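Here are a few friendly notes to read with the model open beside you. Take them one at a time, and find each place in the structure as you go.

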Amino acid sequence: MTNKTKRLTESAMLLALAVVLELISKLFIPEFPFGGQITIVSMLPVVLISYRHGVKWGFVSAAAYALIEMAIGTKTLMAAFQPGYFGDGVLIVNALLMCLLDYVVAYTMLGLGGVFRDRIQKPGVALMAGSLVALGARYLAHVASGYILFSGYAEWFFTHEDFPFPALGDAILSTLSPGMLGFVYSLVYNAMYMLPEMIFTAVVSLLIARIPKIVTKLN
């Protein structure tokens, strides 16, 4: 088996593992009341591809993963192209922008997982730091999408009965301008599921790096 074939085979297996972990998560981990869900470190296999094979190949694999995520999220994507999802009428530009930011850009950013593999000598620290950068970049893509497309939900979000910090919500509403309110809403909303995901992924990446074969650099 050639190196190229090994790389393709391993990457396909890790992408499949990422999908399996996400689907299992959907069965056992409930979504947050406002949407979003923590997974069983489903993005770590994609991060690992980048670490083992380099960032360039990591981006290729992560882009493939983005397409898979679009297939998994078909129901949401189809709804975005229906009347009323973004307001009156069918706003095609908004729907396309959501596809770009929340899927193509967000998941392709996981290709940054190997950014520290040649900069930090300790494999565990390098993989952990790479996972934080990769998932952090995905988080920022979602923040941009939320701010641009869904800022209108900000007041509803901070006054909803399921918002865990009502006093904080009232303070935010009374002090921030409408533009800043939308930005803070997107920061908080996406942090509710992405921050725990980043922490869990970083911890698990540090643990699995104790197995030398897992963090062997192949390119």
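Which residues lie nearest the centre of the largest pocket?

1. The largest pocket. Gly35, Gly36, Thr76, Tyr103 and Tyr189 lie nearest its centre, among 36 lining residues. A pocket here is an open set of points on a 1 Å grid where a 1.4 Å probe fits, with protein on both sides within 12 Å along at least five of seven lines, and lining residues have an atom within 4 Å of a point. The volume is about 1000 Å³, taken as the space filled by probe spheres set on the points.

2. A word on the model. This is a predicted model, in which local features need pLDDT of at least 70 and side-chain atom pairs count only at pLDDT 80 or more, while totals for chains, interfaces and linings use all residues. Residues are numbered from 1 along each chain, and side-chain values use heavy atoms, without hydrogens and water.

3. Who lines the pocket? H1, H3, H4 (74-80), H5 (92-108), H6 (123-150) and H9 (178-208) each give two or more residues to the lining. Helices here are DSSP runs (H or I, at least four residues) numbered from the N terminus. H9 gives the most, with seven residues. By class, the lining has 16 nonpolar, 12 polar and eight charged residues; Asp, Glu, Lys and Arg count as charged, and Gly is among the polar ones.

4. Helix H2. Look next at a helix that is mostly covered: 10 of the 10 residues of H2 are buried, meaning under 20% relative accessible area with a 1.4 Å probe. Its cover includes H1, H3, H6 and H9. Just after H2, glycine 54 takes a positive phi of about 100°.

5. Tyrosine 51. This residue sits in H2 (residues 44-53). Why does tyrosine 51 count as buried? Because its relative accessibility is 2%. Beyond its neighbours within four places in sequence, tyrosine 51 is in contact (heavy atoms within 4.5 Å) with residues including Gly113, Arg117, Leu127 and Val215. Serine 131 is 80 residues away along the chain, yet the two C-alpha atoms are separated by 9.4 Å.

6. H1 and H3. Two packed helices are described by the angle between their axes and the distance between the axes. For H1 (residues 3-28) and H3 (residues 55-72), the angle is about 35° and the axes are 11 Å apart; axes are lines fitted to C-alpha atoms over the stretch in contact, with angles from 0 to 180 degrees. Their contact has nine nonpolar, two polar and four charged residues, including Leu15 in H1 and Ile68 in H3.

Key:
Buried < 20%, exposed > 50% of the residue type's maximum accessible area, 1.4 Å probe, protein only.
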